[in-house]
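Please read these numbered points beside the sequence and the model.

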Amino acid sequence: MSGYNQMWSELGLDLEAHDALLSVLGDSYHNIFMTQKNRPEGMKYFDFVMSEVHGLRIKELMDAKTQGKKVIGLYCVFVPEELIIAVDGISVGLCAGAEFNFEGAEQILPRNLCALIKSAFGFKLGRVCPYIEACDLVVGENTCDGKKKAYEVLSPYVKDLYVVDLPQTKSNAGKMLLKEEYLKFIAKLEEISGKKITYENLRKGIDIVNAKRKAVLRLAELRKSNPIPISGLDSLLINQVFFYDDPVRFTNSVNALCDELVERIKRGEGVFPEGTVRVIVSGCPMAVPNWKVPYIVETSGAAIVGEESCVGERGTRWLTETKGSTVEDLVENITDRYFKIDCAIFTPNHSRLEHIKEMFERYNAKGLIHYNLQFCQPYIIESGHFETDLKNSNIPTLRLETDYSQEDIGQLKTRVEAFIERIKG
Amino acid sequence: MKIAGLDIGSRTVKLVVMDGSKILLAKKVLNSHDPLNTVFTLLDGASYDYMVATGYGRHLINEVFSCTIISEIKAFALGSRAVYPSCRAVLDIGGQDTKAIHINEKGKIVKFEMNDKCAAGTGRFLEIMAHALNYSNIDEFSKAACTATKAQTINNMCTVFAESEVISLISRGAKREEVALGIHRAIVSRTLRLLNRVAPSGDVVFAGGVALNECARKLISEELKRPVFVPPDPQIIGAYGAALYGQNKR
Ligand code: SF4
Ligand code: SF4
């Protein structure tokens, strides 16, 4: 990959640390993904994307920048990609999923903070994330207390930080606030890109993002089959790549993969042996390269058939409607769509629980694993009363609380295995 | 058919060989830096047709021997119910972890929890504290604690902080056995909080290495307001459960 060294140093990366990171990543990718049996051919595209995630994709971003396009980094699915595409921008996910440079992060943040936030800071301060360095604008959002306050700390480290405010209740006032915030965000996007949002370009943005969502929803649908045509790990990977790749190319690749899976299903071909237990994973988002829990689950006799997560169905299940004929109408549709997202920062948040139950039925699952990042109050608190409710609905639930470190893998494995035994009875 | 149940724990390795319902052999050895070698020593001379392994080292063994593996949770649930059929709750305090398991009347596992990453409240914690108090072994430590008429309060459950807390209590003139009792109290109350959360009612089986500790046994029986049963050898319950599992599978 040394062919990119010049680009990386121009971006200000710490080449030595970055090399070390890539080599660890490459190894773990190989061990986790390439050792899976009978993977679909269509995964080759995603393997390639991952092998070039800091290379070719960054080069594409840099080339796009020279043509005047803006690169905009996000940390949350509440920031509408439709608006970014409308001004001809490129959105990239900045959440990070590895324990890298936590010492650095802990110099400016408390230790008792969720790993997702610490990781993002660790990458930024360690100068190993080409995405954040390539950004013309970084967009934060007022979600959990951890992120909300962390953006204040992040501000001096990035060129341009813009924070979107978010409501915390699903009330009319909340919705008005969200719309207001999206209108302000539009103004910001127009200012940095020098482009005006029109009905046509916004409609195009909506169509592109809807197509991308439809493709991953189609993939989700195929995982209902028995035998299961694709692993949970591979499906998670696709949902992660969702945030980095060129949206149109991504959509085509997912659809091509789905065509292949349809054939597999016809032939009765699957990736897991008979008797593998089907489970749903729900909870905190898993950002690249956080594959820890899915890897444990899928090497312990279970298969993940769905993710109730922002890197998964919570983030993609709603499409944006296209009704109306003005920019105002489309912004209204966008607000409607995003307002439905059932993140745990909302109170109350009943629809998330309903969605978990519904996914459990739909994917014919036998168990639910609730994934919590340590110190993530919103999801940890929800998981408590959810567990009680799920128990009454006869949904076996396992709550896991962990971080990005490797030290509790043995413990987690024991818990997961015992849970699978419990389901099998 | 002879079935072997092997429980590779962090501190000890346990073996039970059964033929039908008869226990032919039950033995244990301390684990070492080389668990595989420990297992070889333990299996030396034992004959069996089929093996089921459990414990933290189960996957390691699975790579070398042909055997079935089950989690410690399942093994302890099976073993506990076999020695004490009315049991609805299992508390296992081992060398490095603590488990609480809730089982229903049919023996199915309803819920379970384990302690988190650290050694707080486990056998290892007690060993370190015994050492900090200059007792030559756990037995002496536990017996001394039983003689104390009052307990010193121990606030820290992190092994490192607890150790310095203990040392400073002693240097301030606290009686050694009162500190010893305080340590036992601290881990018992922490463990019972876990047990009461997971399995709030029903008869309890207390197993694992720490169940050999007289003081821990006494405090747990006193504080839990429900029947507590400690098996004759509480350490082999996992291995016994693993062997029983093998029997039912064959
Ligand atoms: S979990 Fe909530 S805060 Fe996090 S990405 Fe999802 S919507 Fe945003
Ligand atoms: S995982 Fe939880 S604590 Fe971490 S950023 Fe997301 S909502 Fe906040």
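1. The side chains of A:Asp88 and A:Lys69 form a salt bridge, with N and O 3.9 Å apart; the term is used here for a side-chain nitrogen of Lys or Arg within 4 Å of a carboxyl oxygen of Asp or Glu. A:Asp88 sits in the loop between helix H5 (81–86) and strand E2 (90–93) of chain A, and A:Lys69 in the loop between helix H4 (56–66) and strand E1 (71–74) of chain A, so the pair ties together parts that are 19 residues apart in sequence. Helices (H or I, at least four residues) and strands (E, at least two) are DSSP runs numbered from the N terminus. Over all chains, the structure holds 56 salt bridges.

2. A word on the basis of these values: this is a predicted model, in which local features need pLDDT of at least 70 and side-chain atom pairs count only at pLDDT 80 or more, while totals for chains, interfaces and linings use all residues. Residues are numbered from 1 along each chain as its sequence is written, chains are lettered from A and ligands numbered from 1 in the order in which they are written, and side-chain values use heavy atoms, with hydrogens and water left out.

3. Between the chains, 18 residues of chain A are in contact with 17 residues of chain B, contact meaning heavy atoms within 4.5 Å. The area buried between chain A and chain B is about 1500 Å², and carbon and sulfur atoms give 50% of it; buried area is the accessible area (1.4 Å probe) that two parts lose on being put together, summed over both. Two salt bridges are counted between chain A and chain B. A:Glu387 forms a salt bridge with B:Lys111, where the closest N and O atoms are 3.7 Å apart.

4. In chain B, the axes of helix H7 (residues 176–198) and helix H8 (residues 214–223) come within 10 Å and cross at roughly 50°, which makes H7(B) oblique to H8(B). Axes are lines fitted to C-alpha atoms, for helices over the stretch in contact, and angles run from 0 to 180 degrees between N-to-C directions; those under 35 degrees count as roughly parallel, over 145 as roughly antiparallel, 65 to 115 as roughly perpendicular and the rest as oblique. On the H7(B) side the contact involves B:Leu181, B:His184, B:Arg185, B:Val188 and B:Leu192, which meet B:Cys215, B:Ala216, B:Leu219, B:Ile220 and B:Glu223 in H8(B).

5. Helix H4 (residues 123–132) of chain B also packs with H7(B), at an angle of about 165° and with the axes 11 Å apart; H4(B) and H7(B) are therefore roughly antiparallel to each other. B:Phe125, B:Leu126 and B:Met129 of H4(B) make this contact with B:Ile183, B:His184 and B:Ile187 of H7(B).

6. Which backbone details in chain A deserve a look, beginning with the peptide bond from A:Asn226 to A:Pro227? That bond is cis, with omega near -5°, and A:Pro227 lies in the loop between helix H11 (199–222) and helix H12 (232–241) of chain A. A cis peptide bond also joins A:Val288 and A:Pro289, with omega about -5°, and A:Pro289 is found in the loop between strand E5 (277–283) and helix H14 (292–298) of chain A. A:Arg127, a residue other than glycine, has a positive phi near 55°, and its place is in the loop between helix H7 (115–125) and helix H8 (130–134) of chain A.
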